[in-house]
Amino acid sequence: MRKALARTRFCASGAAAVLAVSSVIALSGCGVPAQRPAASSVQAAAASGQPGAAAADPGGTAPGTRVLNPANGRLEAVVPDISRSVLLIGDSQSEPADGWPRQGLAAAGYKVYFGGRGGTGFVAANGKTGNYIDALRRGDWLIPAGTPALIVLQGGGNDAASGASDRQIAGNAGRLIAELQARYPGTRIAMIGTLAKGGNNGGGRRTEVDALLGSVAAAHGLPFVSVGDWLTRYNLAKDLADTVHMNSNGRRTLGALLERRVRELGLEERPTSEPAPALAAGTVSSRPAQD
């Protein structure tokens with residue numbers, strides 16, 4: 001009797017084992033899909049919503065698409081008519097859609113692509129976006145794919161306000177210029193200084209930074225537009241909306257002055273049969289005390 005019971009238990013356990021093996025075979029054959037490979041780094045960035053994440057198919061070419069540059073492994077923005085566009089890197093003087101640097105460059109024939117943020121500078125950061133060189137390298141804002149007709153670096157106001165030293169400003173400006181020259185070989189680069197009243201009229205550190213940036217531009221052989229006394233020279237202090245920013249009339253006047261200076265330097269875009277340039281959309285800074 002005990003032998004019969006043992007044989008029965010053995011058969012039952014054997015049957016269970018067969019069933020278990022059969023179940024595994026059935027699942028692996030038709031019921032459980034193979035594990036998918038991990039998402040690419042670009043897809044992961046897009047899913048995370050991090051700054052610089054891909055917003056569209058990296059292989060696309062539609063306006064607004066972000067593409068991966070194989071030369072440097074970074075995401076860049078697809079910009080229509082890039083060969084007629086200027087890459088403008090600046091602060092809140094440039095950030096609004098009607099900022100005077102944008103108006104002046106658009107009037108000189110360019111479409112304007114803005115690549116900066118209010119509250120930043122060659123050294124200054126705004127808490128979310130790094131200074132110009134850090135923001136560029138880590139993708140806080142994207143530069144265009146392709147080759148722009150001109151690159152313009154504007155700023156210095158926030159560096160003046162934050163107490164950045166001459167050495168810090170000149171050093172970071174030099175690194176930014178070198179980085180842009182490496183990414184856009186052959187593209188002209190120009191600089192615009194720091195809007196102020198002038199050394200004898202209360203321009204203070206802002207006028208000093210304007211002169212410093214002029215020396216940086218000269219050291220690198222770049223055209224420079226000094227604006228460190230324009231508020232006084234052109235009687236524009238009356239058009240200040242706060243201590244550093246202009247009202248709409250002041251922005252128009254400064255834009256016209258900048259256009260004239262750009263043309264004097266021979267930096268204007270050459271006329272073509274294409275439609276007239278348009279200002280790129282921008283975001284007005286909510287920090288009135290920052291450039």
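This report covers the fold, the cores and the helix packing of a predicted model.

**Basis.** Residues are numbered from 1 along each chain as its sequence is written. In this predicted model, local features need pLDDT of at least 70, side-chain atom pairs count only at pLDDT 80 or more, and totals for chains, interfaces and linings use all residues, while side-chain values use heavy atoms, with hydrogens and water left out.

**Overview.** The chain has nine helices and seven strands. Both are DSSP runs numbered from the N terminus: helices are H or I with at least four residues, strands are E with at least two. Of the 291 residues, 46% are buried. Buried means under 20% relative accessible area, exposed over 50%, and partly exposed in between, with a 1.4 Å probe and protein chains only. Take the contacts between residues at least 6 apart in sequence: 71% of them join residues at least 24 apart. A contact means heavy atoms within 4.5 Å.

Strands E1 (residues 66-69) and E2 (residues 74-77) run antiparallel and are joined by four bridges. Strands count as paired if DSSP finds at least two bridges between them. Leu68 has Leu75 of E2 as its bridge partner. Four residues lie between the strands, and Gly73 takes a positive phi near 70°. Val67 belongs to E1. Val67 is buried, at 14% relative accessible area. Val67 and Val78 are eleven residues apart in sequence, yet 7.0 Å apart in space, C-alpha to C-alpha.

**The sheet.** Five strands form an open, parallel sheet in the order E4-E3-E5-E6-E7. E4 (111-114) and E7 (224-225) are the edge strands; each has a single partner, so one side of each has no neighbour in the sheet. E3 and E5 run parallel, joined by four bridges. Val86 has Leu150 of E5 as its bridge partner.

**The cores.** In soluble globular proteins, nonpolar side chains tend to be buried together. A nonpolar core here is a set of buried Ala, Val, Leu, Ile, Met, Phe, Trp, Tyr and Cys residues joined through side-chain atoms within 4.5 Å. The largest holds 35 residues, and Leu87, Phe122, Leu153, Ile169, Leu176, Leu180 and Met191 have the most contacts inside it. At least two residues come from each of E2, E3 (85-89), H4 (132-138), E5 (150-154), H6 (166-183), E6 (188-192) and H7 (204-219). A separate core has 27 residues, including Leu105, Val112, Val225 and Leu231. Back in the largest core, Leu153 is one of the residues with the most contacts. Beyond its neighbours within four places in sequence, Leu153 touches Ile89, Phe122, Leu176, Ile177, Leu180, Ile189, Ala190, Met191 and Ile192.

**Helix packing.** Two helix pairs are tabulated below. Axes are lines fitted to C-alpha atoms over the stretch in contact, and angles run from 0 to 180 degrees between N-to-C directions.

| Pair | Angle | Axis distance |
|---|---|---|
| H6 and H7 | about 40° | 10 Å |
| H3 (residues 100-107) and H9 (residues 248-264) | about 45° | 7 Å |

H6 and H7 are therefore oblique to each other. H3 and H9 are oblique too. Angles under 35 degrees count as roughly parallel, over 145 as roughly antiparallel, 65 to 115 as roughly perpendicular, and the rest as oblique.

The H3 and H9 crossing is right-handed. Right-handed means that the near helix is turned clockwise from the far one by less than a right angle; anticlockwise is left-handed. H3 makes this contact through residues including Trp100 and Leu105, and H9 through residues including Leu254 and Leu258.

The H6 and H7 crossing is right-handed. H6 brings Asp166, Ile169, Ala170, Ala173 and Ile177 to the contact, and H7 brings Arg205, Val209, Leu212, Leu213 and Val216.
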